[in-house]
Structures are given as structure tokens and as C-alpha cells.
Amino acid sequence: MNKTWNNRAWFMVLPVLLLVAFSAIIPLMTVVNYSVQDTFGNNQFFWAGAEWFEEMLTSDRFWLAMGRNLIFSFIILAIEIPLGIFIALNMPRKGWGVPVCLVLMALPLLIPWNVVGTIWQVFGRVDIGLLGYVMNALGFDYNYVNDPFDAWVTVIVMDVWHWTSLVVLLCYAGLVSIPDAYYQAAKIDGASRWAVFRYIQLPKMNRVLLIAVLLRFMDSFMIYTEPFVVTGGGPGNSTTFLSIDLVKMAIGQFDLGPAAAMSIIYFLIILAMSWVFYTVMTNYDAEK
Amino acid sequence: MARIDIDHIRHAYGPNPKASKDYALKEVHHTFEDGGAYALLGPSGCGKTTLLNIMSGLVEPSEGRILFDGRDVTRLSTQERNIAQVFQFPVIYDTMTVYDNLAFPLRNRGVPEVEVDRKVREIIAMIDLETWSKRKARGLTADQKQKISLGRGLVRSDVNAILFDEPLTVIDPHMKWQLRSQLKQLHRRFGYTMIYVTHDQTEALSFADKVVVMFDGEIVQIGTPAELFERPRHTFVGYFIGSPGMNVMPAAIDGTIARVGSQTIALPGMPVAATGSIELGIRPEFVRLGREGMPVTIDKIEDVGRHRIVRTRLEGRDLAAIVPEDGDIPADPRVAFDPAGINIYADSWRVDYGSAA
């Protein structure tokens, strides 16, 4: 086949290139620039080399935030994925219940992050919040401002409330694509409810579940707004996740060098994770 | 194996059916004998799949009862009825191996593993997938998948009946023939009660001992392939079975003579109770094209290989005739009807002849 070579076609990608340059590459390079320099104000910068990276990778503060973040991601995945599957399995397949359920499920997803945070911040307050007040009235010593455990529970329940719907909707989409004949055949074959789930529904949900895990992991690993609004990272540093810590360092303490180094490490972790998930997904497809 | 009685079954998919047009299935009353090979034949939407699903328990009929060997099973679940069913499109369990797919119905019923292994090996050999047995089922072609579906239906030896819902739709023609003869062989060997739904007359006629022809929610005729061919009970059966279908033309009856337009045709006997709208039906196989009889004009000659189909017009009505490949088609064509092939219909239903006059 004769291909037409025309290098002017490269001009076609120019707009996208410019857009990406201004929105991503240039800001990222600024961060790289900060991460290898030190400043004492007056816009004077000194070469620092890998100093900030070494400091970051050996600091307890970074690893503690990282640990908290991984535990958080693990817990919300362990709750949201099974819960999402369970709800999707029990949603109606036809009739008036379908639109009702879909709208109810979509509602939390439509609420902006900071509003979700504000809702739960008020909801959990012991003086005026419905949840906080009722819990205390029932004799539970619940106070997310003082107690790290309560703060964690609040942040986790909030995330589950906010994001389980996403898993539900993805799973539901996978489930409704299964033709009736599969269920009929399973009945004929005498399959139990569990066998239907294990051999028909789960395989069909496989792909969407992988996407759900990927999205929820990424989102929870980058979580910032909601816990920031509710707990501000406290009490102490108990709910200070990576991004909260990063903002504290960069904007709160104005430690531009360490914050930039941390950003880059953070960015590389996310990049590596994305690559792992992408590889897993494409391999899964190739196997098919 | 069981005898299946369909006792005045009616079914409507919508709620509160009133008029007979609300019913997908209008009053079916029939017995499928133990060990019979039946075909349910009819065009799309005639209710044959509905009837099949009612037998297997996937659909509960609006009215009427189903009996297996005299036992009422109308309210029993599919599992309790112990039926095997093969669907139009292959259903396989993607994540399982071919072997496990076939073992699945047996394992679900707690059959001992030794017995499972014996049955599965036998079926795998029969559907010719031995080399695939340890492979995941998801990589197979459509006809291999459908063979697995068939295999899952056949693997249980204790079933009351095996139902097939157009199972060969996705299969290549040469495989169709092979699978059909394998099914037939199985039927002879094990004496399963088999009911086979299809809209393909060749499939129905070659598979079944008895063909049940359905039209618009009703059974219009039950008979052997020969009966359906020679004595269609309803003009629909005449049209639907045969290629091309039966010629049907309005006629008037006068004793043992039928009049079509200005032509008179001798009948083999005197039709009894021929009232209403009368039609004469004759298959193209019984129309003799030659130099004697009624004059016709020829529209078109189709050569289909083994013979030729001659499309003619008799008294302004279409009439197809079959002429042998080497048969002579004269310049001044005329047709004669073989009396043995003439059927008389009153309001679309066949009427019998009385004693020959």
C-alpha cells in the first residue's frame, strides 16, 4: 500500500500540544525546577540537587502520610467494591424501579466534593449535627474533632456514601448486558444462586470491576477536599493524607523545595500505578 | 423420560387478556408421547417458543395445566421438572473449561464425580471436542459453543425431556446436517423425548417423527412429514411446507367437480360439508405440465438444479408447477391436476371426501 507522506499534517496536532503544554507540561516543569533548588526568599534560588528528594524519602512525615493513604484506599475499596456489587445485584432490572434507583444512585455523584465535605462536617457535629447529636444522645462517645478513630470512621463513611454509587452503576451496566438466555440456561442446569453469581454475573462484571477498582483507587489515593473540609487533616495528623500534607507543606509552610520533591514522587507513584492497571487490563483483553 | 400432556394451555404476556388476539398462545391441547421426536414448526411469532418455555417452566401459562406422566407440574420450577433445554444462541460459562461446562449440570445435582467423568467423556467424544476439553470455553467458535450447549442438554441421562429452541441457527450448513443426524442417532439410542422448535421445514421434517405445525398461537396440524405434505389440514400448512408451497385458488364445488374460473376439474370424491369460502389446493408436484388440460401462460422458469419450477398463470391466478430437469415445456402449455394431490378447503380448513361418486 502506498502511504501519502505529508509532514504538514503535524500542524494538526499543534493545538492539542499547546493546550497540554500550558495546562500540564509547563506547570510540571516549574515543579521540577523548584524540586532541585532552594530559596531564602527575594526570588533567589540556589541549586540543591537531589537533596529534597533524599529528605522526603527519609522523612517519617512522608511515609506516615503515605501509610495512612494506603490504609484509607484499602479500606474504602474493601467496603465499596463488595457493597457496590451487592447493591447492583439487588437493583430492579425492569419497571418503574429502574429510573428511581438510577437517579438515587447518581445523586451523590452529582454533588461537588467540598459540598459533600460540608454536609458531613455539619452532619457529624455533636452540637447541631444530626449524626453527631443522635450518636451522643444514644450514649456513643462520638466526636470526630477529638477522637482519631471517629475522624477516620467519618471520613470513610463519607467516602462510601459518596462513591459506592459509582461502583453500583458500573456493575449494573455489566449486569444488564447479560442476555436472559444465560439465566434461563442456569435454571435448566440447576445452578444455585451462588453459582449464577460466580459463573455468569461475576465474569460479565469482570471488566467494569477492574475499571471501578482503578478509578476508586486513584481517586482515594488523591483524596483531598472532603477530609480537608471535615477534619482538616486532624485531630493531630491522624487524617492527613498525602495531598493534604502536600498542601500544608507548600502553602502552609511555604517549603517549596520539599513540597515540589514530594509532588514529583507522588506523581511518579500515580503514574506507576496507572501503568500497572493499564497493563493488567490490556493483558486481560488480549487473553480473551 | 416422560409423556407430556399440554392440557388446554393458553398464555398471554400482557395482563388481563380479553380478546383472543391478546393471547400469544390460544388454547393448545396436545400430548407429546414418551420417547417421541417432535418438531414444533411455524413462522416467527407463532407461539412455538412460548409453548416450549411453558413446558420447561421458564414461563408460567395464564391458563391450563401441564402434566408429566400424569403428574401436574404447572407450578413447579424448572429444576423440579428436570428438563434439559438448548437455546437459540449458545450459552456457555466463559470462565470454565469445556469439560467443566459439560460437568456443570451434573455437579449442580450432586452426581458423584466418577459418574460425572464417565458421562462428560462420553458427551465430549460425541460432540467431537475431545482435544478442547481442558481449554477455556471462551475462545471457541460459535458452532463449538453451541455444541457445548447441546452437550449440556444431553449430559443428563435422567431428564424428562430435551427441548431445543432453534438450536442450529448459528451453525454452518454442513455442520447443521451432521449435528442433526447425531441428535437423531441419540434419540434412537436413548429414547429421549425430544421437542425441537424451528422455523426451518427441512430441519423439522428431517428431525422429527411427528411435526406440530403452529400458526398464530394455535396448532394447525400434527402429523408425519408425509401427512403434512400430502394432506395439509390448513391452507397455511400447504403454503408453509414445501418449496414452493401449495397452489391455492378459489373454487366452486359441484358434486365431484370443482370449478376454477371457467375450467372444471375432476375430484377424487365428493367433498363433505364444503360450505363457506371454498378453495382448491394442489402442490406443484401434482401439477402436470404438458399438451393436455387447461391452457396456461408461462411467466418464469426457475432452474433449481434437481428440477425446474415453472411459474404459470391459470385463469389469471398464479400456479406453480414442478417439471423434471429434462422435462419438455411445450410452446402451447397446458396443465392437468393429478386427482390424488387435490385438497379442498372450506374457510381455510381441509374437508374430507365422502365415498367416491
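## D347 of chain B

D347(B) is partly exposed, because 13 other C-beta atoms lie within 10 Å (buried means 20 or more other C-beta atoms within 10 Å of a residue's own, exposed means 12 or fewer, and partly exposed is in between, with C-beta atoms placed from the backbone). D347(B) sits in the loop between β22 (342-346) and β23 (349-351) of chain B. Helices (H or I, at least four residues) and strands (E, at least two) are DSSP runs, numbered from the N terminus.

Leaving aside residues up to four places away in sequence, D347(B) touches G276(B) and S277(B), where contact means C-beta atoms, placed from the backbone, within 7 Å. T235(B) is 112 residues from D347(B) along the chain, and their C-alpha atoms are separated by 9.1 Å.

## Model and numbering

This is a predicted model, in which local features need pLDDT of at least 70 and side-chain atom pairs count only at pLDDT 80 or more, while totals for chains, interfaces and linings use all residues. Residues are numbered from 1 along each chain as its sequence is written, and chains are lettered from A and ligands numbered from 1 in the order in which they are written.

Among the buried ones are K145(B), K147(B), I148(B), L150(B) and R152(B). The buried residues pack against β6 (83-86), α3 (98-108), α4 (113-126), β7 (161-165) and α6 (173-190) of chain B.

One of these partners, α6(B), has 18 residues and reaches 26 Å from its first C-alpha to its last, close to the expected 26 Å. After α6(B) comes G191(B), with a positive phi near 65°.

## Helix pair α3 and α4 of chain B

The axes of α3(B) and α4(B) are 9 Å apart, at an angle of about 135° (axes are lines fitted to C-alpha atoms, for helices over the stretch in contact, and angles run from 0 to 180 degrees between N-to-C directions). That angle makes α3(B) oblique to α4(B); under 35 degrees counts as roughly parallel, over 145 as roughly antiparallel, 65 to 115 as roughly perpendicular and the rest as oblique.

On the α3(B) side the contact is made by Y99(B), L102(B), A103(B), L106(B) and R107(B), and on the α4(B) side by V116(B), K119(B), V120(B), I123(B) and I124(B). By class, this contact has eight nonpolar, no polar and two charged residues (Ala, Val, Leu, Ile, Met, Phe, Trp, Tyr, Cys and Pro count as nonpolar, Asp, Glu, Lys and Arg as charged, and the others, Gly among them, as polar).

## Helix pair α3 and α7 of chain A

In chain A, α3 (residues 60-90) and α7 (residues 148-176) pack at about 45°, with their axes 7 Å apart. That makes α3(A) oblique to α7(A). Residues in the contact include I79(A), E80(A) and L83(A) of α3(A), and D159(A), W163(A) and V167(A) of α7(A). The contact has 16 nonpolar, two polar and two charged residues.

## Contact between the chains

In chain A, 15 residues are in contact with 20 residues of chain B. The elements giving two or more residues to the chain A side are α8 (180-188) and α9 (193-221). The largest share, six residues, comes from α8(A). By class, the chain A side has nine nonpolar, three polar and three charged residues.

Conventions. Contact = placed C-beta atoms within 7 Å. Expected span 1.5 Å × (residues − 1).
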